[in-house]
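Please look over the sequence and the fold below. A short report on selected features follows the display.

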Amino acid sequence: MSRSEIEVFEQEELVRVRISMAPPLRWVNSYILRGEEGVTIVDPGPRTDLAESEWVTALRELDISPREIASIVVTHHHPDHYGMAGYLQLLTGAEVFMSRRAHEETQRMWGTDSNVNEALLQLYRKHGMPSSWYEQLPEHLEGFLAQVTPSPEVTYWAEGDALVMGGRDWVAVESAGHAPGHLSFYDPERRLMLCGDAVLPQISPNISLLPGSDPQPLQSFMNSLSKLGAYKVVKAFPGHRNPFSHFTERTQDLLIHHEERLDLIHSLLTERDQTGFEICTALFGMELGIHQMRFAMSEALAHLVELVRQGRAIEIPGSDGSCFYRRSGPVG
């Protein structure tokens, strides 16, 4: 690991470590905060051989021994943020903290009784995805299990909890949409926000309709953007890309983006019945791998159920259990 992949923010007294992950994102931002209470790691990244070696290098270069790591904090349940938590807990004995709702999502996704892989295949088939696509899902989804093994023992933090990281007081802020139970962390004295994937500076966090999870993820996300945008933030430290200062403006930009996306999908709907897959490919095309197609399909469905909620689209069940959509109301 080069020094360029470890960035020290001296004024904010935290360190960013870029941990490798699969394209197109390429890395996740992990943060290290040091205080009298010990070392805290926020979002340790996915469990991979490369990530393990990157953490060995980072801790050596920062002169941190495993026994100094007192806590591992996870903003949300996605493998690129949560995955390494159990491994590092075994290595260090540190407590792992996340929200109760986020931990429930880990069990729904990878618990011993999970059936989410089969349920996702059924969801996509219901919404018109051809077998050439959904038959790729089982192998693709099973590939994430190694990235989240072993599972950590978890202690819960909740909305409004006050906590100490890096010798400073932070407040937990819960949001949803991108991931149920997502926790950001706000330092009211310095007006800093560790925002995970709740707000990203350059890309829009994926908003996915998933079986058994939030039935209205886009509504949840937009409500969360309004909530987060009310905080006075001088600098935000996101899960991907670089720290940024235009936090409130970015929440507004993301709200506008999704309003525009809703208008676009509404315009794509006609008086003819269309499947979610038809809308997905009209938006994102077909030149996608299965990973990106999964994101695209679930994001299209998240917008369609929001249009139905708003009364701008109608969901029409097919006789064979399939589902179609039709426009309701004028375009524009």
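This is a predicted model: local features need pLDDT of at least 70, side-chain atom pairs count only at pLDDT 80 or more; totals for chains, interfaces and linings use all residues.

Residues are numbered from 1 along each chain as its sequence is written, and side-chain values use heavy atoms, with hydrogens and water left out.

**Sheet.** An open sheet of 5 strands runs in the order S8-S9-S10-S11-S12, with mixed pairing. Strands are DSSP runs (E, at least two residues), as are helices (H or I, at least four). Two strands pair if DSSP finds at least two bridges between them. S8 and S12 each have a single partner strand, so one side of each lacks a neighbour in the sheet. S11 and S12 run parallel, joined by 4 bridges.

| Element | Residues |
|---|---|
| Strand S8 | 162-165 |
| Strand S12 | 235-238 |
| Strand S11 | 192-196 |
| Helix H8 | 217-229 |
| Helix H11 | 290-309 |

Glu299 lies in helix H11. Glu299 has no salt bridge, meaning a side-chain nitrogen of Lys or Arg within 4 Å of a carboxyl oxygen of Asp or Glu. Arg261, the nearest side chain of opposite charge, is 4.3 Å away.

**Cores.** A nonpolar core joins buried Ala, Val, Leu, Ile, Met, Phe, Trp, Tyr and Cys residues through side-chain atoms within 4.5 Å. The largest has 46 residues; Tyr124, Met129, Val199, Phe247 and Leu301 touch the most other members. H11 supplies the largest share, 10 residues. Another core, of 28 residues, lies apart and includes Trp55 and Met98.

Terms used
Contact means heavy atoms within 4.5 Å. Axes are lines fitted to C-alpha atoms, for helices over the stretch in contact, and angles run from 0 to 180 degrees between N-to-C directions. Buried means under 20% relative accessible area, exposed over 50%, partly exposed in between (1.4 Å probe, protein chains only). Lys and Arg count as positive and Asp and Glu as negative; His and the chain ends are not counted.
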